[in-house]
Amino acid sequence: MKRIFAAALAVMVLAGAHAQTAKRAATPKELAAIKDSLQSTLKDADSLKFKDVDVSLDSKGTLCGLLNAKNSYGAYVGYVYFFGAVFTEHLKEPVAMVLSIDDGDTNIAEQMCKKYGMI
């Protein structure tokens with residue numbers, strides 16, 4: 001009976017796990033498009049650094065990664081998650097749209113990246 005219960009519990013846990021999405025690393029052109037989309041949002045967009053930026057291989061172009069930039073005091077704030085989309089089909093250059101950037105109060109971008117299996 002214990003074995004049956006343990007097996008049923010394991011199936012429930014595995015069924016609730018999110019599948020990992022097929023993804024690839026963002027290209028330099030896609031990173032430039034992300035930077036362009038953040039020009040008016042960041043205090044110092046020229047200081048922008050990226051880490052572990054991935055794009056989903058499905059047609060949605062889901063975009064997740066970490067970014068770091070300087071604040072108004074000139075100090076880097078530390079890497080935080082961002083979530084968005086990148087569009088490339090039928091375009092000469094990619095276009096990116098960042099939908100959420102985590103800050104000290106929220107972690108919506110990280111949650112969305114997890115929900116879509118990007119991290």
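This report covers the salt bridges of a predicted model.

Local features need pLDDT of at least 70 and side-chain atom pairs count only at pLDDT 80 or more, while totals for chains, interfaces and linings use all residues. Residues are numbered from 1 along each chain as its sequence is written, and side-chain values use heavy atoms, with hydrogens and water left out.

Side chains of opposite charge can pair when their charged atoms come close. The structure holds four salt bridges (a side-chain nitrogen of Lys or Arg within 4 Å of a carboxyl oxygen of Asp or Glu). Among them are these:

| Pair | Closest N and O atoms |
|---|---|
| D54 and K23 | 3.8 Å |
| R24 and E30 | 2.7 Å |
| K114 and E110 | 3.4 Å |

Take D54 and K23, which form a salt bridge. D54 lies in strand β2 (residues 44-56) and K23 in strand β1 (residues 23-25), so the pair ties together parts that are 31 residues apart in sequence. Strands here are DSSP runs (E, at least two residues), and helices are too (H or I, at least four), numbered from the N terminus. D54 is buried, at 18% relative accessible area. K23 is partly exposed, at 29%. Buried means under 20% relative accessible area, exposed over 50%, and partly exposed in between (1.4 Å probe, protein chains only).

R24 pairs with E30. R24 is partly exposed, with 30% relative accessibility. E30 is buried, with 2%.

K114 and E110 both sit in helix α3 (residues 108-115). They are four residues apart, or about one helical turn. K114 is partly exposed at 44% relative accessible area. E110 is partly exposed at 21%.
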